[in-house]
Amino acid sequence: MGQKFEDWEWCIADDCSTNIEVIQRLEELEKSDPRIRVIYRSTNGGITQASNDALGIASGNYVALLDHDDSLALEALEIVNNVIVLSPGSDYIYSDEDKINEDGVHFDEFRKPDWAPERLLGQNYCCHLSVFRHSLVKQVGGFHTDFEGSQDYDLILRVSELSTYIHHIPEVLYHWRVVQGSAAGEQFAKPYAIEAARKAVEE
């Protein structure tokens, strides 16, 4: 909500939360700003189903992925929009990223290479921030439930196969929050995600 660029919509999927405080907060957000849209799932479906439901209520030409506990640089959407204006043929855009701990300290800055499909087969180096042409995401069928934990990796692989122009923004626009048990802090925190990533590459 602090973004310098204001032409956005924030699509949130509540995956059947049992925490009343979460529901109350989401209702407050919806009422506070018409750009905030929330869909409430009746059953818990996991990351991929919740993400697909959020995609289903998105109306923009481009969609950016944002995990529930991470944050964007205040100029992130403005910079992405500038790329789209200057290069309207962009199908997929990704930026550099860093990590942020529970005290708000930034570290582990990740300066990424420009588009390198061979490297992508061995590492989801694009990851955050990822921005896709919405129509292309629809064309490839959105998130696939078979890749829970590495659903974004699978989506990037499938979208990139059909992309005409992929743009790397060499600026840190995404801050990946490190909390206990997160993949941001420990590579093997979610072994199922590693297996899903292998499967995505094989596919």
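Which residues of helix 3 are buried?

Helix 3 spans residues 76-86, and its buried residues are Ala 76, Leu 77, Ile 79, Val 80, Val 83 and Ile 84. (Buried means under 20% relative accessible area, exposed over 50%, and partly exposed in between, with a 1.4 Å probe and protein chains only; helices are DSSP runs of H or I with at least four residues, strands are E runs of at least two, and both are numbered from the N terminus.) They cover an arc of only 165° around the axis, so they sit on the same side of helix 3. That arc is taken from the directions from the helix axis to the C-beta atoms.

Turn to the face pointing away from the buried side, and you'll find the exposed residues Val 85 and Leu 86. The buried residues of helix 3, meanwhile, pack against strand 3 (62-64), strand 4 (71-72), strand 5 (92-100), strand 7 (130-133) and strand 8 (166-177).

## About the model

This is a predicted model, where local features need pLDDT of at least 70, side-chain atom pairs count only at pLDDT 80 or more, and totals for chains, interfaces and linings use all residues. Residues are numbered from 1 along each chain as its sequence is written, and side-chain values use heavy atoms, with hydrogens and water left out.

## Two loop residues

Ala 58 lies in the loop between helix 2 (46-56) and strand 3. It counts as buried because its relative accessibility is 17%. Beyond its neighbours within four places in sequence, Ala 58 is in contact (heavy atoms within 4.5 Å) with Glu 9, Cys 11, Arg 37, Val 63 and His 134.

Leu 66 belongs to the loop between strand 3 and strand 4. At 38% relative accessibility, Leu 66 is partly exposed.
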